[in-house]
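Hi,

Here is the structure I said I would pass on.

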Amino acid sequence: MRGAMRATVLGSGAGGAFPQWNCGCPNCTAVREGREGYLARTQDSVAVTEDGDRFVLVNASPGVLVQIQRTRALWPRSARHSPIAAVVLTNGDMDHVLGLFSLRESWPFELWATESVWSGLEQSLFIRTLRRFDGHVTKKVLPLDEEVSIAGIPTRARAAPGKAPVHLVGHADHRPDDNVMLSLGGKILYAAACASADVDVSGHPVVLFDGTFYREDELVRLGLSKAVAKDMAHVPISGETGSLAKLAGVSARKIYTHINNTNPVLAPTPEERRAVESAGGEISYDGMEIPA
Ligand code: MLT
Ligand code: MN
Ligand code: ZN
């Protein structure tokens, strides 16, 4: 029976987490020193449930063990058990996949990913660790534009503007199913990596959207990289074509996630954070509960 859906943001950071191990940017320095108002963040993942018994992990973050430990609803309920019934991957990026290998101890779950993402995963011998016996991790191919039931949650994947994971760029042609956004239970639209904000996110009361960068040239300004947001297939929050402007007309809770450690919205009171909030946007944090 379908109940009330809810999501928990397990990890609200981007691939570098917050602080990033090798980063001395102002934000990372502040959170490392424990300055007031700065919250540490693990890498991007959300847990979703409709019945409170079975959970879907959307992406398997390198922080998954800590995330489970601090989320009581994800604790075992008997001697060998996990409420995690399925993992669904939105792309093959390391920050979404590495946590799978921390979930290798003999608990059966479904692993949903598009054909492209599966093909990347199966090029790694590590995947054998998740298939040690019949019924260990069950391969499920996530179709585009077709509803499937994942742990009782009607789920639909749509191609999202993006790219192949770093380890496959130059080794495989880019395919539309390299990166998807998910409609979960018709309630939550999750698009943690999106290269454009010209996407249809309508029809959902909650939109979790790519908040990696505030500015297109954020890393360049900080002297950390020559790469701009577009090179990494993440549309920034600000600017004429940014997500804040493009999603302004969408009547939904708009919650930014997958937030890079350099993003000024992570500081407690800067103008950028106020700009997001006054436009009706929210900044997610680890442990954020979202009734939907
Ligand atoms: C991204 O979101 O662009 C990727 O997670 C980057 C990475 O693979 O480190
Ligand atoms: Mn990422
Ligand atoms: Zn940093």
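Predicted model: local features only at pLDDT ≥ 70, side-chain atom pairs only at ≥ 80, totals over all residues.

**The metal site**
Start with the manganese ion (ligand 2). Asp95 (OD) and His258 (NE2) coordinate the manganese ion, at 2.0 to 2.2 Å. Asp95 sits in helix α3 (residues 94-97), while His258 is in the loop between β12 (253-257) and α7 (271-278), so the pair ties together parts that are 163 residues apart in sequence. Both Asp95 and His258 are buried.

**Helix α7**
Next, α7. Its buried residues are Glu272, Arg273 and Val276. Viewed down the axis of α7, these fall within an arc of 100°, so they line one face of the helix. They pack against α6 (243-246), β12 and β13 (281-283). The other side of α7 has Glu271, Arg274 and Ser278, which are exposed. Just after the helix comes Gly280, with a positive phi of about 85°.

**His234**
Last, His234. Find it in the loop between α5 (218-221) and α6. Is His234 buried or exposed? Its relative accessibility is 9%, and buried means under 20%, so His234 counts as buried. Its side chain makes a polar contact with the side chain of Asp210, at 2.6 Å. Leaving out residues up to four places away in sequence, His234 touches several residues, including Ala192, Cys194, Thr212 and Phe213. Also among them is His258, one of the residues that coordinate the manganese ion.

Best wishes

Definitions and conventions. Residues numbered from 1 in each chain as written. Chains lettered and ligands numbered in written order. Heavy atoms only, no water. Donors = N, O, S within 2.8 Å, 3.2 Å for Na, K, Ca; no water. Helix = DSSP H or I, 4+ residues; strand = E, 2+ residues; numbered from the N terminus. Buried < 20%, exposed > 50% of the residue type's maximum accessible area, 1.4 Å probe, protein only. Arc of directions from axis to C-beta. Contact = heavy atoms within 4.5 Å. Polar contact = N/O pair within 3.5 Å; in protein donor to acceptor, adjacent residues only side chain to side chain.
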